[in-house]
Amino acid sequence: MPLKISVRSVLPSREAGDIIVVGTPLLGGGGRSKKNQRSTLDGFDRALGGALGRLIKKEEFKGKKDQQISLSTLGRVKADRLIVHGLGDVAKLTAGDVRTFAAKAARAANADKAKRLVLGIPEGLEDRLREIVEGLELGAYRFTKYLTGDRRPKAELAQVAICLVGEVPKDAKERIDAGQIVAAGVNLARDLSNEPPNVLYPDTLADAARNAAKDANIKVQVFDYKEIQKRGMKLLQAVGQGSEHKPAMVHLSYVPPNPKRRIAFVGKGITFDSGGLSIKPAAGMGEMKHDMSGAANVVGLMNVIGKLKPDVEVHGIVAAAENMPDGNSYRPGDVWGSLDGKSVEIINTDAEGRLILADALAYARSLEPDLLVDNATLTGACVVALGNSCSGWYANNEATAEEFAAAAKASGEQMWRLPLLEDLKDQLKSDSADLKHTGDRWGGSISAALFLREFIGNVPNWVHCDIAGPAMGDRIRGWDPKGGTGHGVLTFLALVDRASRAAAGAGAAPAPSVAKAGPPVEEGAAPIAKTAARKTKKASARKSAQPAGAKGGPKKSTAEGPRATKGADVGPDVGAREPQGRTKTSARKRR
Ligand code: BES
Ligand code: MN
Ligand code: ZN
């Protein structure tokens, strides 16, 4: 349930709730920020008989960033607890800082079993309402659906009264709405990531995508196992066929009336990664329920896109499979074909993510996107390189890299660019197929990215984002909870937002609601504007081939995706493809 959020220009000491959290900039003397300036702390010290001032002195509270004091009010103000949270220099706060502050307030409320939170916002943060609301919703997030009896939380934060010291901005409602929409998308991604693998498997992940699409009024297509085989998505089949829960592929699409750019997002949806026959050690295997976090991000993202309606066409593709050991599992040594046509020698069945992504990328490229972004919990090597709080990403050209870096910066998510080192390509040479799917242990995240690049075809701009570290939190960080985090969604949204503004700037399209709600365009928006302008010609040529006013997805031929008609026909039944593109499947009797 979304929070009930109100915003007023009022001193927090006047507002009633179960808990009051006030943010404060660096304090001057006597608990005031600056002389004669209203402060979020006004009124508290007197009501508390000087107790706040004494505590500030005793604890040497200066209002430095993340410094906190907490006190029981004993009923002397209209809430049981008061928390004063230092924000340091308010002008220097990033979107992430503001989100984290609000998330901490929401967490404090839940920890206190408070249902109504009063949040005091110092002057200068009025125009950060969207981030504040995102932080509240993201901080209030808990995954409690399987808790029973005493373990079920008795109270849950439900209402927030935001008290501004400054003026309430005119577009406050839009900003609050946008913040709630965005946070709901991230929280949806977290929910999916946190679902146990006996509940969430490819079919139920596809159901969740259907629900998210319905909720956001966007188009959804689901390809079942039969369709996957029919279309020649052999790598997805290879990875998924060893499980009782067969693979699925989902295509979500958002097509506004006159889009100037088309972006496709792809997500790895391994609903459980046991490693397959190259089985993982027992320790930590349970974490691999989160191995569908890339797919969860795509579903959460598309839900937001459908509601914020940017001026860009956006597609979301999810490849879902369960990687299990079984008599019917794919094996090291196997050679499989792919939707692209290239043949792949299987080295280690635990490197399954890049295989299902290869088919998903080959499908996505048939949509002819201007920009293709995949995200996946792909390699342990990336976690070794960057730790648990930062994603690693790769781009196939500098303009795209600049654009992605700017989006990551605007979102506040930690993302670090890694290099596509060409010399590591040799590691993917195979004696028995076009490609091996893994290289050496060293540089394992890079060789995985190089493998994926083999499947993007002529797509001009591509980013691969390895979210293996931050997708599954080992502890609370910033606005992220322990467990599934939805890390990536905010950056992808910022990317779409920037493309939408660039498109609006390049053409005569009206500013979309997402642009109104977001942060101001920075200098860094230039590359995409250029890219957009460069693309406009091509894109409009492509659009004119579509029936006028065509809605609900790109033209049929592309929406159906490529069929593997060329290249190595290697798969479960070598050469069994019929001319019509149908594949005979051996009717393997399963227990
Ligand atoms: N899902 C894992 C990667 C992963 C590891 C995600 C740790 C999150 C935390 C992936 O499928 C995998 O097993 N990768 C292997 C690849 C190797 C066999 C080449 C890895 O990273 O060890
Ligand atoms: Mn694996
Ligand atoms: Zn995996």
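Visitor: How are the donor residues of the manganese ion (ligand 2) spaced in sequence?

Guide: In this predicted model, the donor residues of that ion follow the spacing D-x76-D-x1-E. The atoms that coordinate the manganese ion (ligand 2) come from D273 (OD), from D350 through both O and OD, and from E352 (OE), at 2.1 to 2.3 Å.

Visitor: What is the geometry of the site of the manganese ion (ligand 2)?

Guide: The site has 6 donor atoms, and with angles of 73 to 169° among them it is irregular. Six donors would count as octahedral if opposite donors were over 155 degrees apart and all others between 65 and 115, and anything else is called irregular.

Visitor: Which residue bridges the manganese ion (ligand 2) and the zinc ion (ligand 3)?

Guide: That residue is D273, and the two ions it bridges lie 3.2 Å apart.

Visitor: Is E352 buried or exposed?

Guide: Buried means under 20% relative accessible area, so E352, at 1% relative accessibility, counts as buried. D350, with a relative accessible area of 23%, is partly exposed.

Visitor: Now to a sheet: in what order do β11, β12 and β16 stand?

Guide: Strands of a sheet pair through backbone hydrogen bonds, either parallel or antiparallel. Here 3 strands form an open sheet in the order β11-β12-β16, with mixed pairing. Because β11 (335-336) and β16 (435-436) each have a single partner strand, they stand at the edges, and one side of each is left without a neighbour in the sheet.

Visitor: In which sense do β11 and β12 pair?

Guide: β11 and β12 (residues 344-345) pair in the antiparallel sense over 2 bridges, and V335 stands opposite E345 in β12.

Terms used:
Residues numbered from 1 in each chain as written. Chains lettered and ligands numbered in written order. Predicted model: local features only at pLDDT ≥ 70, side-chain atom pairs only at ≥ 80, totals over all residues. Heavy atoms only, no water. Donors = N, O, S within 2.8 Å, 3.2 Å for Na, K, Ca; no water. Tetrahedral: all angles 85-135°; square planar, octahedral: opposite > 155°, others 65-115°. Buried < 20%, exposed > 50% of the residue type's maximum accessible area, 1.4 Å probe, protein only. Pairing = 2+ DSSP bridges. Helix = DSSP H or I, 4+ residues; strand = E, 2+ residues; numbered from the N terminus.
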